[in-house]
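Here are some notes to go with the structure you are about to look at.

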Amino acid sequence: MKKILLFFLFCMSGLTHAAEPAAQQDVQAFVRAVAQDDVDEVRRLLAEGANPNFQDAGGMKLTALMLAADSGNRAIVEELLDADANPSTINAEGKTAYDIALQEGNDEVAELLKSRMLQQVTTKAARKRSIQIRFMKVACYCASKNETQ
């Protein structure tokens, strides 16, 4: 019952920033597929370009990943994460999909989300280190060029 209420609120709370009715219908179809636990439809819509990071424009700031975490649907959570849904996005209450999964007792989904969030942090840190190393190499190269001149 809570999932249906969330879906209703998500659809009615200023669902989309999109100006065109066709784009609004696409978003509604995507959210509906997530709310109805329709893995095949979610997969199809993602393949057609549905935005896995769409966040409603209303007061709740929900994402499809939050709806899937609420229902505990691991298969849909995995599809969304594989499509680069951001597990660190927060809603209007400051909660992530991980927080919602924990709150609803969906421990398996919560662990998956926690793992992806940690992976995301680790990847960002590795990129930052890589950039710092490249910068240091360039700085050393420039310094050695100045010494030889």
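1. Overall make-up. Please keep in mind that this is a predicted model. The chain has seven helices and zero strands, so a listing of its elements from the N terminus reads α-α-α-α-α-α-α. Of its 149 residues, 34% are buried.

2. Contacts and surface. Take the contacts between residues at least 6 apart in sequence: 65% of these join residues at least 24 apart. The chain exposes about 9000 Å², and carbon and sulfur atoms supply 55% of that area.

3. The core. The largest nonpolar core holds 30 residues, and those touching the most other members are Phe30, Val34, Val42, Leu65, Val77, Leu80 and Leu113. Two or more residues each come from α2 (21-35), α3 (39-47), α4 (64-71), α5 (74-82), α6 (97-103) and α7 (107-148). Which element gives the largest share of this core? That is α4, with six residues.

4. Phe30. Leaving aside residues up to four places away in sequence, Phe30 touches Val42, Leu45, Leu46, Ala50, Asn51, Pro52, Ala64 and Leu80. Val42 and Leu80, like Phe30 itself, are among the core residues that touch the most other members.

5. Helix α4. You will find α4 mostly covered, as seven of its eight residues are buried. Just after α4, Gly72 takes a positive phi of about 80°.

6. Helices α3 and α5. How do these two run relative to one another? Their axes come within 10 Å and cross at roughly 10°. Since angles under 35 degrees count as roughly parallel, that makes α3 roughly parallel to α5. On the α3 side the contact involves Val39, Val42, Arg43 and Leu46, which meet Ala75, Ile76, Glu79 and Leu80 in α5. Sorted by type, the residues of this contact are six nonpolar, no polar and two charged.

7. Two backbone spots to check. Most residues other than glycine have a negative phi. Lys61, however, has a positive phi, near 55°. Lys61 lies in the loop between α3 and α4 and is partly exposed, with a relative accessible area of 32%. Asp84 also has a positive phi, near 75°, and its place is in the loop between α5 and α6. Is Asp84 buried or exposed? At 60% relative accessibility, Asp84 counts as exposed, because the cut-off for that class is over 50%.

8. Glu111 and Tyr98. Glu111 is found in helix α7 and is partly exposed, at a relative accessible area of 48%. How far apart in space are Glu111 and Tyr98, C-alpha to C-alpha? The distance is 7.9 Å, while in sequence Glu111 and Tyr98 are 13 residues apart.

Notes:
Residues numbered from 1 in each chain as written. Predicted model: local features only at pLDDT ≥ 70, side-chain atom pairs only at ≥ 80, totals over all residues. Heavy atoms only, no water. Core = buried A, V, L, I, M, F, W, Y, C linked by side-chain atoms within 4.5 Å. Buried < 20%, exposed > 50% of the residue type's maximum accessible area, 1.4 Å probe, protein only. Helix = DSSP H or I, 4+ residues; strand = E, 2+ residues; numbered from the N terminus. Contact = heavy atoms within 4.5 Å. Axes fitted to C-alpha atoms, helices over the stretch in contact; angles between N-to-C directions. Parallel < 35°, antiparallel > 145°, perpendicular 65-115°, else oblique. Nonpolar A, V, L, I, M, F, W, Y, C, P; charged D, E, K, R; others polar. Areas by Shrake-Rupley, 256 points an atom, 1.4 Å probe, with all protein chains shown as cover.
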